[in-house]
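Have the viewer open as you read.

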Amino acid sequence: MCMVLAALFISLSAFIALTNWKVKELYEVKFSGGKIHGEFKGLKAHIQFDKTHPEESKISASIDANTIATGFFLKNSHAKDALDVDKYPIISFNSTAASKNGNGYKTNGNLTLRGMTKPVTIYFTFENNGSGGIFKGSFKFAPKSFNITHDGTPDELTILLSIPVAQ
């Protein structure tokens, strides 16, 4: 009986077709909190996602911390110092689980920033338009939990994501 169940599970899992999505150039990774807001460029991501089987999804992403842009060069310099971009030039996320969440989805994972890794949950939606789509999501975290304590550092940062993708 165990062998039959194992064979059934293996054969059913063959029908789960995770799609590999490639990030398109018009993506947005924005942040805001307190008196600071801006965006990052330099996104690289590996996204395997199927909206009918989100639990099988795998998402990993990294961003070049040096690309932080606040709209003002002095704030850019302060933000780069706060992130210690010379020592930690990459900010990364690796999912550990994904699931349906109301009308959207959520993925739990690990955010690595300034050499420290902490769990975060990203809530997102996915609009599929055939061979492409767009992921839109957000998450919040406390910069102080990553030892970012410079003057003007907000208690909480919100990250907003708008990631157009193609197969």
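Which residues form a nonpolar patch on the surface? They are F72, F73 and L74, with about 340 Å² of accessible area together. (Areas come from the Shrake-Rupley method with a 1.4 Å probe, with only the protein chains shown counting as cover for residues.) Keep in mind that this is a predicted model, where local features need pLDDT of at least 70, side-chain atom pairs count only at pLDDT 80 or more, and totals for chains, interfaces and linings use all residues. Residues are numbered from 1 along each chain as its sequence is written, and side-chain values use heavy atoms, leaving out hydrogens and water.

Now look at F73, which sits in helix α2, residues 73-83. F73 counts as exposed because its relative accessibility is 65%; exposed means over 50%, buried under 20%, and partly exposed in between, with a 1.4 Å probe and protein chains only.

The same helix has a buried side too: N76, A79, A82 and L83 are the buried residues of α2. Seen down the axis of α2, they fall within an arc of 125°, so they line one face of the helix; the arc is taken from the directions from the helix axis to the C-beta atoms. These buried residues pack against β3 (36-40) and β7 (104-113). Just after α2, D84 takes a positive phi of about 55°.

Zooming out, the chain has 2 helices and 10 strands. Helices (H or I, at least four residues) and strands (E, at least two) are DSSP runs, numbered from the N terminus. Of its 167 residues, 36% count as buried.

Definitions and conventions. Patch = residues over 30% accessible without salt bridge, like charges linked within 9 Å, V, L, I, M, F, W, Y side chains within 5 Å. Salt bridge = Lys/Arg side-chain N within 4 Å of Asp/Glu carboxyl O. Contact = heavy atoms within 4.5 Å.
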